[in-house]
Amino acid sequence: MRWQRQIADCFIDLSMRCIICCLFLVFFTQDVVAQYLPYKSFTTANGLSQAQVMCLHKDQLGFLWVGTKNGINRFDGKYFKRMDTGSLLASPEIRNIKEGKSGKIYINTASDLGYFTNQSYHALPVKNPLKILPSVYLHIDKNEGIWIIDFYGIYRYNSRKEGFDTISYSAPSPSQMAFTEICEKDGYLYYCRENILYRTSIKSLQTEKFAILEKPAYHIVKHPILEQFILADHHTVYALDLNLKKTKLVYENKNLILEQIFFDNHNHLLVKNSMTDFIYIDKKIPNHLPLIKNSIVILCDKQSNIIWVGTEHGLNGICQHGIYEFNSQNKILPTDIWNIYETSDSAIWFHSYSYGIANFKNNKLADKSLSAEEKHRKYVYFQSQRIQNDVYFNHGYGLLKNDGNRITPAVYKYSFLPICSFYDKQTGYILLGTQNGIQRYHPFLKKYDTLFMEPIERMILSICRIDSNRLFCTSASGYYIYYEKQKFLEQHHYLEKQSPFRGAVSCLKDSNNRIWVGAKDGLYEYLPNAKKIVERIPLKGKLIGSMLAYNRSTILLGIDDGIFIFRTYINSENNEKSLYKLDYENSGTGISCNQNSFFRDSKNRIWAPSISLVNVFKFDEVFIDTNIHKPIINEVYSSSTREDWIPTNFENKLEFAYPFRHIRINFLSASMNNSNKIVYQYRLHKNDEWSKWSTENSISLYDLVPGNYQFQIRCKQQGYISDEITTFSFSIIPRWHEIVPIRYLIIGSSLLLLCSIGLLWHYHRKNKQYLQQKEKDELELEILKQQLNPHFLRNTLKSFQRKILDITEENKFQVADNVSELSRLFSLYLEASVKKYITIEDEIKLLSYYLDFQIMRFKERFTYEIIKSPTLSGELTLMPMIIQPFVENASEKAFLNINYAGSIKIEFKDLDESSFCVIVLDNGIGRTKSKALNQTHISHSTRIIEKIHQLYNEMHRTKMKTYQAPFTHTISDLYDENGNAVGTRVEIIFPKQSQNDK
């Protein structure tokens, strides 16, 4: 027949061998739907330290902590790591595991109480240990307070006392039961003992009876939404309203002994029973969880939808919501399901080539097919389109309509042969792809016509709209673009061998207005602006028969060997795309899908046929794990040779000294669902670019230069990037000569040393010059001083010469006395002249002898007076022969031709801390008149004194650069009111210096 040949040609052209030979066997139950729950068991062969699991806890970072009778383990979804290595605990049996708000993992054993932080164990000191029984509970409140419950009572750990404070206590007896575990709410701790519900204030520790219960309570849990506590004894579960303080029965079974109650992530109540080793879910879900024998503890993992069961033989993980299998052993249905859809009455319909049409409603399969005529049963029913309350689907002879009660033909034509259909919401037409083009039908206008009918190489296999003017169509030979306004068909053929795009079977337009094409060799994207096809996911030898756009970033792909998730991210880095296969272990026949369409019903369930059964699953609840935890720094090693890696306690030690400049960092992120699909990015500095994504969770950093580092790591799973970034700060300590301050200090010290050497050399040279100059100046000074002695002797002898010439008989004895005084005077001056400095007292003594001799010569022509200031020390020194010339001038020249008594006054006066002065004052004729009387006299002594002053000052200036008091003298004439000379005043300033300064 013609239609049979056409269908056969279609299958051959599509290279769909799996379609020709596929046999779908669908089984249905009559009353209930069996729930398939993925299940996996972990034992010591998987890394557990001991098979008997005593307690479980899921921490904030996504890790599962497993306490056994021989140690504590941390599970990341892939590997177990024992945390109590190195005999950290005195007792290896872990009784309880709890987590504080700060992220610390608290544990207690029969003799230990402590916590883990950064994988390091810290024991808490306990001076009054409790007799902890096997039924003990551990609770960590919101303020990080530690509470312990046993058969005796409730206790709080006091860090100041390093022991426990008793909050509530009862003497144990066989008739009394233990306290329940603790529920925390609004700053209070709630717990039961028999039929009394107590509450204790966390802040004040005041305890009161909150409610009296009808029955004893051995277990208590807080309802996640309602203001209720759920309590249980051995046989009964009941709820306590906190506002009304009334109880209500929830569940009762006297044949069971209830051991544990908890809520799952859908707020369903689960009860663990010990008599039949059975886990029961409340009436909201009509199914039971699988049998778990010898179970000890249960943990509901609300992040990954897994129930963890600890038993005597290991750890078991059960997925709470998985894939539902619809099958039956009593009835064999057709093996080729071509179409699945839902009518307005929530009935699910199945179309089969060999069987016809059947529906599934209220978990029951209809007994009779709703095919209108027997001759129409064995035809292929292709894609369906839901329009309001009716469903239109195409088959080998036309377009049929199902209103939920019956099936009637909408368009019936023998040569029609529609392969695909597409409801165009923009125009209201159902577009039908045929062998010769596209037909269209308007359901409300009941209008049927041809959109275009042109000669094409292969029949239209899929249709979608690009924009208001263009339609996109695929076939086995390529794709077509139809311009409605221009009524123009643009054909693109990809039959060349070098082109990977062959056999375009399916297409769709997602919510981001992108066109995706499923073909024989992979997934492609059509770029309307560029008018070209771009390869996205290459799949050699695999046909993408159907696609479903689930959300903005997720597309389900029906490939000939399974169902895949394709994710593309508009806002992600580099527009990254990824492909994941839906694959659960122990799934029986597995999940596979041919080119038949997926279907999403009104309950957001995804239906997909597979070999021997039909699978339906809730995609969001099972396969998308958006709760990506930030990675942690798992281990840190350092090395000096790149080979021998030494583990580092990175909790406390963040500094690495030379030669340990090679660092290895192991990082880890926990995922209970898809740990193998976690990839990581890292960077060494905060402002660096991220590395490429990699599954490697270890990085070795070699030859790090000294400095501070901020190693950052982040991860993603199935395309979802974690918002949290883990930062590990560490520093490489440089060697002493590499430290910047020390380096600068070395450079500065070197420069300072060079400068010091230069300065010392310069000082040495200057000092040498100074010493040479000093020797020269001292020699010259000594010469000048020696010049004063002959001058003094000459003047003295010259004046005494007259005395000798006037010797008479009467004054010969007086002359002899004068000669004796003169010799004594010479002796004193000669003694003083060999000294560089003499004291003030010696100078006064010399001046007194000299003036006494002068008075003797001049027969009392004048008188003299020497005065020393009381504040002036007589131990101060001065150069000898400096004052004598001025006194000599005053005694010999100032009193020539006077008719009054002359006087000379010499005063030693204190000026300041650094100098003193000597004033020589006479009442003579003055310097002007004296020069007139002695025109031929040249004062050599005054010239010598000036040179001495100048040379002395130069010597001190050369040595000290500056000096406190210069050595100077001034001579001034004195006049009366009429301008007549009345004397001369000489002032000589000396620096203060003692014998110790010389």
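E635 and K81 form a salt bridge, with the closest N and O atoms 3.9 Å apart; the term means a side-chain nitrogen of Lys or Arg within 4 Å of a carboxyl oxygen of Asp or Glu. E635 sits in strand β56 (residues 632-639) and K81 in strand β5 (residues 80-82), so the pair ties together parts that are 554 residues apart in sequence. Strands are DSSP runs of E, at least two residues, and helices are runs of H or I, at least four, numbered from the N terminus.

This is a predicted model: local features need pLDDT of at least 70, side-chain atom pairs count only at pLDDT 80 or more, and totals for chains, interfaces and linings use all residues. Residues are numbered from 1 along each chain as its sequence is written, and side-chain values use heavy atoms, without hydrogens and water.

The structure holds 19 salt bridges. One of them joins D424 and R465 at 2.5 Å, N to O. D424 lies in strand β37 (residues 420-424) and R465 in strand β41 (residues 462-465), so parts 41 residues apart in sequence are tied together. D424 is buried at 2% relative accessibility. R465 is buried too, at 7%. Buried means under 20% relative accessible area, exposed over 50%, and partly exposed in between (1.4 Å probe, protein chains only).

Now the nonpolar cores. Each is a set of buried Ala, Val, Leu, Ile, Met, Phe, Trp, Tyr and Cys residues joined through side-chain atoms within 4.5 Å. The largest has 50 residues; W308, L315, I633, I665, F711 and F730 have the most contacts inside it. Apart from it lies another core, of 46 residues, including Y837 and F990.
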